[in-house]
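Me: Could you take me through one part of this structure slowly, as if I were new to reading models? I would like to see how a single element connects to its surroundings.

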Amino acid sequence: TPAARRAAMLQMLYTMRGHRVTMYVFNPTVVSVKPTRLAPRFEPEKRVVYVGKVGGYSIAAGEQRGVGYAVASDLSDEENTQMALAAVH
C-alpha cells in the first residue's frame, strides 16, 4: 500500500577538520542498505557495515532496528566506517 511505502530521508552536512561529511538516515525497506558497489565489512558484535567508494567519495552504510544510516565523505574508509558504526550502535 502507498502508506506502507512512505519514507523519509534526513540528510545532514557537517564540516569536520576541513572535510565535508554527509550523514543520511533513511528507511532501509525503501532504500537498500546493501548496494552492489559497497562491500560488506564485519565488525565487532557481528555488525555489518557496507563500505566502498562511489563518485570519488568514501561511503559506509549500515542498519539498526529498521533504520538505515550512511556516511559519505572524503575521509578514509576506516574513518567513515567508525562514524557509521557509531550511528548504528
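Reply: Happy to! Keep in mind that this is a predicted model. Let's start with Asp77, which is partly exposed, its relative accessible area being 25%. That value falls in between the limits, because buried means under 20% and exposed means over 50%. The side chain of Asp77 meets that of Lys53 in a salt bridge, at 3.3 Å from N to O. This pair links distant parts of the chain, with Asp77 in helix α1 and Lys53 in strand β4 (residues 47-54), 24 residues apart.

Now look at Glu78. Glu78 forms a salt bridge with Arg41, and the closest N and O atoms are 2.3 Å apart. Glu78 belongs to helix α1 (residues 77-88) and Arg41 to strand β3 (residues 39-43), so this pair ties together parts that lie 37 residues apart in sequence. Both partners are partly exposed: Glu78 has a relative accessible area of 36%, and Arg41 has 26%. In total, the structure holds two salt bridges.

Setting aside neighbours within four places in sequence, Tyr69 is in contact with several residues, including Ala60, Gly62, Ala87 and Val88.

Terms used
Residues numbered from 1 in each chain as written. Predicted model: local features only at pLDDT ≥ 70, side-chain atom pairs only at ≥ 80, totals over all residues. Heavy atoms only, no water. Salt bridge = Lys/Arg side-chain N within 4 Å of Asp/Glu carboxyl O. Helix = DSSP H or I, 4+ residues; strand = E, 2+ residues; numbered from the N terminus. Buried < 20%, exposed > 50% of the residue type's maximum accessible area, 1.4 Å probe, protein only. Contact = heavy atoms within 4.5 Å.
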